Protein chains: 4
Amino acid sequence: MKQIRVFRYAMASPDDLTALREDLEQGRVKAEEVVAVMGKTEGNGCVNDYTRGYTAHLIRDLLQAYGQNPERVALAMSGGTEGVLSPHLTVFCRTKDARNGLQAGPALAIGIARTGNIPPAAIGRRPQVFAVAEAVRTAMAEAGIDNPADVHFVQVKCPLLSSGDLARAVAEGTDVATSDTYESMGYSRGASALGVGVALGEIRHEDISDDRICRDWSLYSSKASTSAGSELAHCEVIVIGNSSAFSGDLFIDHEVMRDALDVDAVRRLAARMGLTDGSEGRALFVQLFAKVEASPDGRIRGRRHTMLNDSDIHHTRHARAAVGAILASCFGDPMIYVSGGAEHQGPPGGGPVAVIARRL
Amino acid sequence: MKQIRVFRYAMASPDDLTALREDLEQGRVKAEEVVAVMGKTEGNGCVNDYTRGYTAHLIRDLLQAYGQNPERVALAMSGGTEGVLSPHLTVFCRTKDARNGLQAGPALAIGIARTGNIPPAAIGRRPQVFAVAEAVRTAMAEAGIDNPADVHFVQVKCPLLSSGDLARAVAEGTDVATSDTYESMGYSRGASALGVGVALGEIRHEDISDDRICRDWSLYSSKASTSAGSELAHCEVIVIGNSSAFSGDLFIDHEVMRDALDVDAVRRLAARMGLTDGSEGRALFVQLFAKVEASPDGRIRGRRHTMLNDSDIHHTRHARAAVGAILASCFGDPMIYVSGGAEHQGPPGGGPVAVIARRL
Amino acid sequence: MKQIRVFRYAMASPDDLTALREDLEQGRVKAEEVVAVMGKTEGNGCVNDYTRGYTAHLIRDLLQAYGQNPERVALAMSGGTEGVLSPHLTVFCRTKDARNGLQAGPALAIGIARTGNIPPAAIGRRPQVFAVAEAVRTAMAEAGIDNPADVHFVQVKCPLLSSGDLARAVAEGTDVATSDTYESMGYSRGASALGVGVALGEIRHEDISDDRICRDWSLYSSKASTSAGSELAHCEVIVIGNSSAFSGDLFIDHEVMRDALDVDAVRRLAARMGLTDGSEGRALFVQLFAKVEASPDGRIRGRRHTMLNDSDIHHTRHARAAVGAILASCFGDPMIYVSGGAEHQGPPGGGPVAVIARRL
Amino acid sequence: MKQIRVFRYAMASPDDLTALREDLEQGRVKAEEVVAVMGKTEGNGCVNDYTRGYTAHLIRDLLQAYGQNPERVALAMSGGTEGVLSPHLTVFCRTKDARNGLQAGPALAIGIARTGNIPPAAIGRRPQVFAVAEAVRTAMAEAGIDNPADVHFVQVKCPLLSSGDLARAVAEGTDVATSDTYESMGYSRGASALGVGVALGEIRHEDISDDRICRDWSLYSSKASTSAGSELAHCEVIVIGNSSAFSGDLFIDHEVMRDALDVDAVRRLAARMGLTDGSEGRALFVQLFAKVEASPDGRIRGRRHTMLNDSDIHHTRHARAAVGAILASCFGDPMIYVSGGAEHQGPPGGGPVAVIARRL
């Protein structure tokens, strides 16, 4: 029996790993047990956000200094802590042998995997979809999860098309999905999400075609969370669910917000997990993971929003600020993982919300 | 007996008055009864936001075309519809003679007033405070409200220091509160809010000194909402409360959010007004008015936020996006008036929330 | 013989028409002679820039108040005065009968025309190209110019796809050139510029296909200046050149900058026009019109630039700030018309520069 | 006799040290000879620009890996490559013993020094001024320069007040120069520049008072270039000049731009250094260092600019884009060091420009 432990660390800046370093130093965290780190860093979350890469670089250096091979750790740094959101790291550790007296499973389980490099011509297209799907299956196996219903959140970190990629593509006559760097983030997120959906049986393999990617919003995964960045050329996959192969008092569940104001979905989730007042303290909130977006039709609850017309602030930033605050208000905690750009991740304008809690 | 009627109009852009024009045309709104218009326009809400002035210009032209003297209408255009917030106008009409069969008061009441021009040297300082306090008293009298407890929201639209003002001040050797245009908006909002507090007995006259303005956050009004703009040189005051001199089924109440995540305050307000499910439909939501801000100490619920360190997006924009979304999620409606920059308006990091509802 | 007169007015804000109003009042400008107004307003120059519409609205009202039918005046408001650029209006008047003693032509000549509304499906595509080409020919005739070589600058103001347009397109199943509002500005500018090129014989009619618009940068006009905005649904065309049908001491000439640093082109133009020190004052600078852009390959003089990767500031803003300053430094005057987004307007990374001067 | 060598390296991103690493690997650059690195990184150059720290971190790691103690190298990373400016590093190496056959001095000389930590209460105030002045004198001595006239450029990297500093200041009752993080950058730059002026005899010690810092623009150094960042708590000083204690074919000279459009000053400098066509190739351009700013009175050549009123883009970004492009156009090279915020660095609206050239 294995066990997952989860640690959250506040960061005073993208280069502040003080708290994690102290836990490594004190032995509370064992570097060789770290399997995944998901973080929110305080850049713009768009193309030229180097805070993701900065923090990732420092984490790799730190883990290496404590004896862990960074190649064996899945890193998903997501930029953008607009509004009340607070920069932080969530560190997942996997113990090889569970200690005595632990609650029997099913309990929180994690598996990781990565694809090969996605060439510029494949970004936002079918090859990326199927490469991600394959990696999700590998990660599920590692997590000891057979039934897709036991998967509640799949994080994919994926590449984007930089202006350098685009210039090379033009020079070499390579056809790419888009010639706009910011827009390429959406295509990469969209293709990755569809890959998750295919692996989990939410979307049929044969329904995937290039012209439906970032066009046909009826195709979506309700468990995918994908995030693009310039700091990697492959896709990194983290599957999170519940598995009988794991023990402990942590567990995960999820819901899908149907639009940005869908607090009912969140309340439903909290009630089911025993996190509300009425549940008499059956569980404690540990961490939340969510994907959010500006509704692509420019409307919410029948009202026009201005996020897609704003040439000063990208819509992903607006969406993180807005929905991040709503989610923070639901649990009274702004140090949560809320990521923007939910193409094919939940219904248009909505997105998946997963919560890890501790059974009491 | 007089009566206040309230209309909300969606806007497709800052120059879209289609819906109001149609109501004027059809006689549903009588121009001569319009006393105040509060609007949210889709600019950045900061110094170079000309959407406020554009919409205000068009409203004045429209009202004039329908026979109302624009000088007799208080306009408070507030810029910034970040996140889910939806651009719109709220139009307040005051009938001189109430119709038969109307519910007896106390009911929603409004009074308006304006100060003289505030010279650059007075912006953000004591003279502005006392000029606003005087105008609030005048507006209360007009609204037929004697008891400050019956006032629930006071909107002040106030001037800022443009770079032109600042250049003249330097040339003429005039001392001004700040040499930064964006910062001058905060000083002007702060002084105006203190003026409201003085008029409502929340703050003592003798506690007002220049060096406590935008410094001593223990001084605040829980009912002030102040908004700075480059489109006026005086202060425009709108007092909203309940008065026995008015009749009808509309009423107003307010609460104070203690921080950006204080949904409990909003739920308390909704319950008291009969707007929650449990209240068996005793009232219908009509409109919400709120002031929000990034907590000046850089923390919320013990977590760091990044709003004050962000040199790409001003903190007022972050705060509107975040708290605006929370408030929209409470009532399921994003077409609400949420304004940023709550200096001396509610406690630091928090702000006043007022709701108008219709009794059933 | 007709004559063109040119007036420049500084603006203190988008709603400041003080100087033009005074000239109309004093009779220095006759409203009925105004044929075109080109302005730089201080918005972001992108999708949600309402300063263009605000100023245009006020100009129309003002001209109407002085007896000119606004429909007979071509307005080209261009947003974005980044860096040293200074907001202003350039007003073109056309006298019907030239006064005695005027220098014989060829002299500065202007013609205007407009297309019908461009439906969303046509924006950035062949129908827009040919509609603009037709309007250019009409405007040339009005300017009394037969030979395309005598045309030196063609301004086109054209529509964009707002998020409203895009939502309707999706709802109605209409195929549009792009689903991104900001990107639609580029497509509309590009198609308009190709239309100018076709009319002036720079580009062959048969070389225009939808898939070369904003793709094949080898196609360009060296005299087109096109600017997109949300404030109109048709295209407005202003042809400026020299014609024997006009008299006076004003004339225009142009050059093409091959990249953003090509001051040599500007110096060549200044020398040819007699505007340099060495030319012993043969002419006086009156006004400059230019289109600029970030080189689409991300490089300039072999060095990487970051304009296309910047998710905080759109590249059109960067380019206006940079090249606008270079042009201002060439003539010592920052109150010039420099507009961003030079798709098919000059070679990639470069753009046309036209100068009006007065013969001494 | 010592000698300074200068290397420039293009960067593809803030973490790209490929070119420098290769030169270290090949022995073209000896790590132990590196004394200073000045870089332009592609962040916003304001408070939350972490690209400066990211690049600085990587440079320190790299130098250490090649045997140089990073504490002995002065790093001045300046954020902001708006417009055409190109991210790069300038590396200064100092050989201990000059090789044979070198041209005798005076030649390019460099000295470095650092202050102790500047506590928040001292930032932007007299203690910072005098700490910097002392460090400049130390660095001059190290550069073998006695006569201040032989100093042509003094780079100071200095700290800012983060929101964390400000919160602590409030909590501890510490009085600070400003409560706005972005504004604190200006105060720190201003105080540092005055320190340079005091050390070089441009400003009298007794003229320094807190209330003239960032107020009395008649006080300035024509050789100071100061840059604030969150990545250090002390000031780092690099003095660059010509000294007889150094040999080689490199030399430096400087001029002062009186405003943003003052290309005449740059041409004067180029002519004096033998860099113009007319000088028959007496010298080759090596690198340029300049400080630029938006004129604080909001005007340039009598025209209004909008940089100080822009709440979307900070004025330092505008100024770098504009003046950076002008300087790049003068030498045909956009890979130059142009830094924003020239408080007390040159006259208001202007700034110092220094050029290093190689004698032929």
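Me: Which residues does H254(A) touch, not counting those up to four places away in sequence?
Reply: H254(A) touches H152(A), S222(A), K223(A), L269(A), R272(A), V353(A) and A354(A), where contact means heavy atoms within 4.5 Å. This is a predicted model, in which local features need pLDDT of at least 70 and side-chain atom pairs count only at pLDDT 80 or more, while totals for chains, interfaces and linings use all residues; side-chain values use heavy atoms, with hydrogens and water left out. Residues are numbered from 1 along each chain as its sequence is written, and chains are lettered from A and ligands numbered from 1 in the order in which they are written.

Me: Is H254(A) buried or exposed?
Reply: H254(A) counts as buried because its relative accessibility is 13%; buried means under 20% relative accessible area, exposed over 50% and partly exposed in between (1.4 Å probe, protein chains only).

Me: And which side chain does the side chain of H254(A) make a polar contact with?
Reply: That of H152(A), at 3.0 Å. A polar contact is a pair of N or O atoms within 3.5 Å; within protein, one must be able to donate a hydrogen and the other to accept it, and residues adjacent in sequence count only if both atoms are side-chain atoms.

Me: Switching to the interfaces. How many residues of chain B are in contact with chain A?
Reply: 38 residues of chain B contact 38 residues of chain A. About 2,900 Å² is buried between the two chains, with carbon and sulfur atoms giving 57% of that area. Buried area is the accessible area (1.4 Å probe) that two parts lose on being put together, summed over both.

Me: How many salt bridges are there across the interface of chain B and chain A?
Reply: Six, counting a side-chain nitrogen of Lys or Arg within 4 Å of a carboxyl oxygen of Asp or Glu. One of them joins R304(A) and E42(B), with the closest N and O atoms 2.5 Å apart.

Me: What about chain D and chain C, how much area do they bury?
Reply: About 2,900 Å², 58% of it on carbon and sulfur atoms. The count there is six salt bridges, including D310(C) with R317(D), whose closest N and O atoms are 3.7 Å apart. There are also 14 residue pairs in polar contact between chain D and chain C, both residues at pLDDT 80 or more.
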